[in-house]
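Hi,

Here is the structure I promised to pass on.

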Amino acid sequence: MEERLYDLIFIARPATPEDEIKKVLTGIEHTCAEKGGKIEKTEHWGTRKLAYRVAKHREGIYVYQQIRTSHSDLIAELERRLRVQDVIIKYLTVRLDEDLKRQKKLQHKREVRAARRPRRATAPAAAAAQAQAPAPAAAPEPTPAG
């Protein structure tokens, strides 16, 4: 089975002590190691204002992690563990490798389409071709009758 790349972002209650957040991160690391996953990046974004109230809170402590694994059951287990944590008010897991594959595929299609398209004349060449074309004959202006 191929390796997949996931983004995991969770929001903790704003009054959560730092050691509680470290305990949650340790639990995630332990679960990843147990299931054969690898945490590639962990970022502590700090306290930020939420877009809307979540569990009666207007702020939350954001933590971002990037996880690489070949077992999809690891993500299900991580989400289950985050769901039962009292300090976590929201979490989101996003699979990134599908988006990366889709972007590569679209870029390849664009390149193939551009290769098939005939090249347009450059601006100076187009201007020169236009200057060599005969000017349309002007119609004589009517004279006022009088």
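Below is what turned up, starting with the overall layout and then going through single residues.

A quick word on ground rules: this is a predicted model, so local features need pLDDT of at least 70 and side-chain atom pairs count only at pLDDT 80 or more, while totals for chains, interfaces and linings use all residues. Residues are numbered from 1 along each chain as its sequence is written, and side-chain values use heavy atoms, with hydrogens and water left out.

**Overall layout**

The protein chain has four helices and four strands. Both come from DSSP runs numbered from the N terminus, with helices being H or I of at least four residues and strands being E of at least two. If you walk along the sequence, the pattern is β-α-β-β-α-β-α-α.

Of the 146 residues, 27% count as buried. Buried here means under 20% relative accessible area, exposed means over 50%, and partly exposed is in between (1.4 Å probe, protein chains only). The chain exposes about 11,000 Å², and carbon and sulfur atoms supply 53% of that; the areas come from the Shrake-Rupley method with a 1.4 Å probe, and for residues only the protein chains shown count as cover.

As for contacts (heavy atoms within 4.5 Å), take those with a separation of 6 or more: residues 24 or more positions apart account for 74% of them.

K41 sits in strand 2, which covers residues 38-54. Its relative accessible area is 35%, so K41 is partly exposed. Leaving aside neighbours within four places in sequence, K41 is in contact with Y64, Q65 and Q66. Q65 is 24 residues away from K41 in sequence, but the two C-alpha atoms are 5.4 Å apart in space.

Further along, the loop between strand 2 and strand 3 (57-69) holds A55, and K56 is found in that loop too. A55 has a positive phi of about 50 degrees although it is not a glycine. K56, also not a glycine, has a positive phi of about 65 degrees. On accessibility, A55 is partly exposed at 46%, whereas K56 is exposed at 77%.

L74 belongs to helix 2 (residues 72-84). It counts as buried because its relative accessibility is 0%. Not counting residues up to four places away in sequence, L74 touches T31, C32, K35, G37, I67 and T69. From L74 to A33 there are 41 residues in sequence and 9.8 Å in space, C-alpha to C-alpha.

**Salt bridges**

Side chains of opposite charge can pair when their charged atoms come close. The cut-off used for a salt bridge is a side-chain nitrogen of Lys or Arg within 4 Å of a carboxyl oxygen of Asp or Glu. Five of them were found in the whole structure.

One is in helix 1 (residues 18-35), where K23 and E20 lie three residues apart, about one turn of the helix. The closest N and O atoms of K23 and E20 are 3.6 Å apart. K23 is exposed at 55%, and E20 is partly exposed at 28%.

R80 and E77 meet at 2.9 Å, N to O; they are three residues apart in helix 2, so about one helical turn separates them. E77 also forms a salt bridge with R81, with the closest N and O atoms 2.8 Å apart, and these two are four residues apart in the helix, again about one turn. Through shared partners, E77, R80 and R81 are joined into one network. E77 is buried, with a relative accessible area of 16%, whereas R80 is partly exposed at 39% and R81 is partly exposed at 31%.

**A positive patch**

K105, K109, R110, R113, R116, R117 and R120 form a positive surface patch. Patch members have over 30% relative accessible area and no salt bridge, with like charges joined within 9 Å and nonpolar side chains (Val, Leu, Ile, Met, Phe, Trp, Tyr) within 5 Å. Lys and Arg count as positive and Asp and Glu as negative, while His and the chain ends are not counted. Each charge is placed at NZ of Lys, CZ of Arg, CG of Asp or CD of Glu. K105 lies in helix 3 (residues 97-116) and is exposed at 55%.

Cheers
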